[in-house]
Amino acid sequence: MAYSDRARQVYTDTLNGIKEAGLFKQERFIHSVQSADIEVEFPTGNPVKKVINMCANNYLGLSSHPDVVKAAHEGLETRGYGMSSVRFICGTQDIHKELEASLTEFLGTEDTILFPSCMDANAGVFEAILTKDDVMISDRLVHASIIDGIRLAPAMHDTYKHSDMEHLESKLQQYMDKRMRVVITDGVFSMDGDLAKLDVMADLCEKYDAMLFVDESHSSGFIGKTGRGTHEHCGVMGRVDIITTTFGKALGGASGGCVSGRREIVEMCRQKARPYLFSNTIAPVVVSGVLKVLETLSKSTERRDKLEMNTAFWRKGLLDAGFVLKEGDSPIVPVMLFNAKLAQDVSKDLFEEGIYAVGFFFPVVPNGQARIRTQISAGHDMHHLEKALAAFIKVGKKYNILGKTKNEIIEMYGN
Amino acid sequence: MENMKDIVLKYVIQEYCEDDSEEITYDTPLISGGIVDSFSMVSLKRFLEVKYKIQIPDDEATPEAFDNVNSIVALVEKFINK
């Protein structure tokens with residue numbers, strides 16, 4: 001055994017440092033299925049408490065939907081539990097190809113390849129399609145998985161200010177000497193909930209001969225009139241060259257993701273993307289569930305319409321009560337508190353009131369931008385939202401932040 | 001003629017500051033202070049290399065060396081004088 005006392009001490013000290021910095025993450029144990037009403041054990045060892053979940057990525061409320069569960073059961077019965085293989089050896093079933101075709105149709109692209117997660121899709125795609133002669137130009141607030149993917153790629157990399165189209169254009173102009181340019185953005189930004197300006201971006205990409213990459217993880221299934229994503233919302237379906245998305249959020253919430261886009265790019269991923277080549281195929285039970293989700297969403301926009309109404313109610317309720325929100329159209333509604341301790345205290349008090357909503361602070365969001373990120377779901381009914389709103393108002397009054405501006409809150413609590 | 005410190009300071013403000021009210025001086029911690037994330041440092045490195053016709057090796061372009069305008073200028077001068 002080579003795990004010495006010294007090694008143990010090194011890790012203990014590091015973990016203590018994380019605790020002292022107030023950055024130690026603790027899981028909260030959920031004793032129920034994922035839904036608007038959940039049963040949570042927190043802190044660990046405490047009795048289980050029934051709370052309303054205001055922080056899941058379960059945007060369409062499909063994570064435990066009976067039709068999806070039934071389809072998953074059928075997949076389990078007919079295609080088994082696992083495949084014990086990567087895709088290209090003996091891990092591709094008919095349903096994997098069926099799901100790729102369904103996603104291509106749903107997203108309005110040329111072709112699709114499945115990955116074990118969207119994290120893997122983002123980690124694999126850039127390395128597979130770019131060389132040192134190319135450049136990647138990314139929004140400064142893209143998701144961490146994209147940053148990891150960019151780091152793995154041999155191409156040069158630069159960033160532009162968040163959603164600043166003039167800055168993006170100046171960067172495109174700077175790199176006209178490169179073989180290929182790829183502009184990289186989230187469709188909906190996960191921490192702020194705002195949407196990328198894909199219409200302007202698609203025009204810029206055409207003007208400067210650049211490819212457009214969009215991570216649609218926080219938009220697939222519900223943004224746009226028929227829920228196809230930010231590209232539908234912005235009227236640029238067919239003009240985005242590479243889309244990545246996850247099945248771990250609105251599309252059933254289990255796991256898995258994909259790269260969807262230009263035929264040759266998808267084929268390059270099939271030949272070269274390491275997370276695809278060296279990681280197991282998606283379990284048949286998950287594939288079957290996602291197929292049912294896509295079938296459901298293609299038949300009706302009922303769930304995304306309800307989500308839109310719920311979001312409008314929630315946003316208006318919080319604004320009328322006097323909270324400071326990040327502007328946006330998505331079901332990600334960040335309640336800005338600016339101070340990290342205040343965000344943690346508010347989250348704790350909300351939990352006491354039966355509302356599960358987590359505080360986010362540096363380094364997950366920029367310094368001085370601490371917040372409670374609320375996420376609305378089609379699984380919420382009006383009584384959930386009304387109860388949650390009442391709890392937010394009660395806690396907001398306790399901390400005297402209702403009707404206060406950003407500067408007033410910072411003056412009271414610091415940032 | 002504008003000195004190097006002011007040129008670098010001006011670039012940092014233009015390139016990284018979202019908010020005009022942010023006050024940046026020669027000593028303001030840029031990376032450890034959360035103004036520039038280490039991932040976005042690449043554009044500053046490229047700017048310096050093009051502007052001063054130098055090559056800064058990746059192992060010298062550390063977050064510490066890029067943490068304030070004074071240390072950035074010291075790094076650039078080191079390579080200009082090489």
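How many Å separate the centres of domain 1 and domain 2 of chain A, taken over C-alpha atoms? The separation is 28 Å. This is a predicted model, in which local features need pLDDT of at least 70, side-chain atom pairs count only at pLDDT 80 or more, and totals for chains, interfaces and linings use all residues. Residues are numbered from 1 along each chain as its sequence is written, while chains are lettered from A and ligands numbered from 1 in the order in which they are written.

**Domains of chain A**

- Domain 1 covers 24-53 + 302-413 and domain 2 covers 66-299, with bounds from an automatic or database domain assignment.
- Their contact takes 14 residues from domain 1 and 13 residues from domain 2 (two residues are in contact if their C-beta atoms, placed from the backbone, lie within 7 Å).
- On the domain 1 side, helix 13 (302-321) and strand 11 (332-338) are the elements that give two or more residues (helices, H or I, at least four residues, and strands, E, at least two, are DSSP runs numbered from the N terminus).
- Strand 11 gives the largest share of that side, 3 residues.

**Sheet in chain A**

- An open sheet of 4 strands has the order 1-2-3-12, with mixed pairing (two strands pair if DSSP finds at least two bridges between them).
- Strand 1 (29-30) and strand 12 (355-356) are at the edges with a single partner strand each, so one side of each lacks a neighbour in the sheet.
- Strand 3 (residues 48-53) runs parallel to strand 12, joined to it by 2 bridges.
- A:Asn53 stands opposite A:Tyr356 of strand 12.

**Chain contact**

- Chain B gives 6 residues and chain A gives 9 residues to their contact.
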